[in-house]
Amino acid sequence: KVWLNAASSLRFPAAFNGRMRQVELKGEAYFEVAPDKSRIFEVITRDQRVEVLGTHFNINAYADEPSVNTTLLEGSVQISDLRTNNSKLLKPGEQAQLGEKMEVVNIGNSSEAVAWKEGYFQFNEADIQAVMRQIERWYDVKVYYDEGFEPSQRFGGEIERSLSLVQVLKILEKSKVHFQIEG
């Protein structure tokens with residue numbers, strides 16, 4: 001099973017033949033892969049390959065994000081950096097962050113990585129640009145920053161994705177973030 005987030009696409013063959021089940025992801029998706037030891041499931045994203053036999057995991061591979069983040073909820077996956085052939089095995093509660101190099105961090109609670117699937121924006125010490133990238137994708141808007149803008153404030157909490165853009169912006173304005181809507 002695959003859930004796709006906003007502005008995402010998944011490319012796959014009409015039928016999985018042979019020993020490989022391979023898909024290509026642009027954007028973000030949550031996967032629940034049925035175990036099948038005879039046929040490896042593989043997800044290709046920008047600069048990354050994820051190999052799995054059966055597990056639950058989330059991949060955030062949007063082109064406008066600073067890194068590709070793969071979060072493991074259940075099972076195990078092998079993450080490979082396609083640029084260097086460096087690979088790491090993830091355990092539940094770990095996240096591989098592939099930017100200029102690959103790092104594995106223990107995030108413990110993986111709810112932030114899959115909040116989108118449950119209908120929420122969830123932030124934990126996120127800067128305004130990270131917050132606005134999610135809003136841009138979900139509401140299909142473009143965000144521009146005033147010249148000289150320097151983000152210093154950090155945000156935490158949850159906002160329902162079922163709210164209108166205006167409602168979400170009003171919530172953010174309570175944190176002294178100011179917006180001007182055009183068009």
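Reply: The model is a predicted one, in which local features need pLDDT of at least 70 and side-chain atom pairs count only at pLDDT 80 or more, while totals for chains, interfaces and linings use all residues. Residues are numbered from 1 along each chain as its sequence is written, and side-chain values use heavy atoms, with hydrogens and water left out.

Helix 2 comprises residues 128-139. Helices here are DSSP runs of H or I with at least four residues, strands are runs of E with at least two, and both are numbered from the N terminus.

After the helix comes Asp140, whose phi is positive, near 55 degrees.

Helix 2 is largely enclosed by the rest of the structure, because nine of its 12 residues are buried. Buried means under 20% relative accessible area, exposed over 50%, and partly exposed in between, with a 1.4 Å probe and protein chains only. The buried residues of the helix are Ile128, Ala130, Val131, Met132, Arg133, Ile135, Glu136, Arg137 and Tyr139. They pack against strand 12, strand 13 (154-160) and helix 3 (165-173), where contact means heavy atoms within 4.5 Å.

Arg137, one of these buried residues, has its charged end over the ring of Tyr62, 3.6 Å from the ring centre. The criterion is NZ of Lys or CZ of Arg within 6 Å of the ring centre and within 35 degrees of the ring normal. Arg161 likewise places its charged end over a ring, that of Phe121, at 5.3 Å from the centre.

Arg161 is also among the residues touched by Trp116, which lies in the loop between helix 1 (111-114) and strand 12 (120-127). Trp116 counts as buried, since its relative accessibility is 10%. Its side chain makes a polar contact of 3.1 Å with that of Glu28; such a contact is a pair of N or O atoms within 3.5 Å, and within protein one must be able to donate a hydrogen and the other to accept it, residues adjacent in sequence counting only if both atoms are side-chain atoms. Trp116 also touches Trp3, which is 113 residues away in sequence but 9.9 Å away in space, C-alpha to C-alpha.

Terms used. Expected span 1.5 Å × (residues − 1). Lists of a residue's contacts leave out its neighbours within four places in sequence.
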